[in-house]
Amino acid sequence: MSTVHRLSRRDARRVAVLGQVLGRERPTDLLDVVRGVTLLQLDPTNAVAPSADLVAWSRLGSAYSPTELRAALDAGDLVELRAFVRPAEDMALYRADMERRVRGEGLSEWQEFRKGWVESNDRCRREILGRLRAEGPLPSREFPDTCVRPWGSTGWTNNKNVTQMLEFLVQRGEVAVAGRKGRDRLWDLAERVYRDDPVVPSEEAERERDRRRLRALGIARSRGPECPVEPAVVGEAGEPAVIADVRGEWRVDPALLDQPFKGRTVLLSPFDRLVHDRARAAELFDFDYQLEIYKPAAKRRWGYYALPILHGDQLVGKVDAAADRKAGVLVVNAIHQDVPFTKALTAAVDREIADLARWQGLEVRKA
């Protein structure tokens with residue numbers, strides 16, 4: 001029987017920070033960062049910088065260049081899968097589930113529905129695969145919509161038949177994102193994009209994905225609501241833990257409990273894995289946060305794209321900033337203090353803001 005680790009909230013916070021490669025000692029290699037955090041989430045919002053680049057900058061500092069991410073994707077060292085960038089070697093952990101979807105084994109109700117939709121539009125599927133085999137990689141606009149059964153949705157995907165077909169073919173392991181041209185994704189046959197590594201069986205792959213996710217999160221719940229792309233829970237990975245004054249079943253990576261903690265001050269992307277689970281951020285860090293890009297300006301508390309501030313093992317505030325690239329400035333609209341800032345903390349936050357601006361070739365301008 002595994003030891004149950006009894007942790008203070010500070011212990012839990014420090015494990016979470018260490019898991020996310022946010023200690024004082026910076027890594028020096030982008031691939032090491034991505035392997036450490038497990039994934040980089042892609043998001044089109046560029047109010048300060050693209051989220052994937054912000055996450056890399058938070059770890060690597062201004063020595064990081066966004067060209068490194070593009071080069072790693074072009075070289076096949078990193079792979080884009082469903083709006084996440086992952087290490088290429090991790091794809092072996094997803095291929096068995098992709099093959100299972102094609103066979104129709106163990107599907108949920110919504111997966112059965114999608115499988116039926118693809119089969120109803122098999123002509124469109126075969127035409128896409130044929131074009132890619134002959135000409136790929138191609139952007140989605142190059143494929144005619146020959147679907148006989150439209151995709152129905154109350155959201156923005158309604159009747160977006162070609163893009164939905166491509167997304168489902170990704171989930172089936174038949175096509176993959178081969179690169180980007182501007183904001184357009186380029187699609188190709190998956191066999192040309194993914195490495196020809198041995199496929200890990202589904203159950204073993206799920207356990208390994210849980211283990212790697214826990215290594216990156218440090219501490220996480222064992223169970224929780226289903227998340228269709230990237231779960232926030234880790235099953236039976238690691239060892240059980242109890243956190244003082246926090247309810248629920250937790251799992252911790254015991255290797256991180258033995259590491260000395262030396263934190264630093266960091267500005268984070270709103271999509272950073274340290275804060276992506278808002279409930280966990282509230283429970284462990286007492287951090288109240290929402291991304292407010294979809295709120296009317298008058299109803300925003302912290303700003304359109306406020307950057308969480310990590311200081312040591314605490315989340316202490318948010319920086320409301322925006323890059324005005326035409327004017328060559330990083331506009332700092334406000335620095336929201338969740339706790340009173342000391343002079344030292346104020347200076348540390350100012351240094352991070354200055355580094356963020358310098359990294360982008362901008363000057364800081366406070367509103």
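## The sheet

A176 stands opposite D188 in β7. Strand β7 (residues 184–189) is joined to β6 by 6 bridges, and the two run antiparallel. The model is predicted: local features need pLDDT of at least 70 and side-chain atom pairs count only at pLDDT 80 or more, while totals for chains, interfaces and linings use all residues. Residues are numbered from 1 along each chain as its sequence is written, and side-chain values use heavy atoms, leaving out hydrogens and water.

The open sheet has 3 strands in the order β5-β7-β6, with antiparallel pairing (two strands pair if DSSP finds at least two bridges between them). Because β5 and β6 (175–181) each have a single partner strand, they stand at the edges, and one side of each is left without a neighbour in the sheet. Helix α7 (residues 122–135) packs on the sheet and touches β5, β6 and β7; its direction makes about 90° with that of β7. Helices (H or I, at least four residues) and strands (E, at least two) are DSSP runs, numbered from the N terminus.

## Helices α1 and α12

Helix α1 (residues 9–19) packs with helix α12 (residues 278–285) at an angle of about 135°, their axes being 9 Å apart. That makes α1 oblique to α12 (angles under 35 degrees count as roughly parallel, over 145 as roughly antiparallel, 65 to 115 as roughly perpendicular and the rest as oblique). Axes are lines fitted to C-alpha atoms, for helices over the stretch in contact, and angles run from 0 to 180 degrees between N-to-C directions.

R9, A12, R13, A16 and V17 in α1 meet R280, A282, E283, L284 and F285 in α12, where contact means heavy atoms within 4.5 Å.

## W156

W156 lies in the loop between β5 (138–139) and α8 (161–171). W156 is exposed, with a relative accessible area of 70% (buried means under 20%, exposed over 50%, partly exposed in between, with a 1.4 Å probe and protein chains only).
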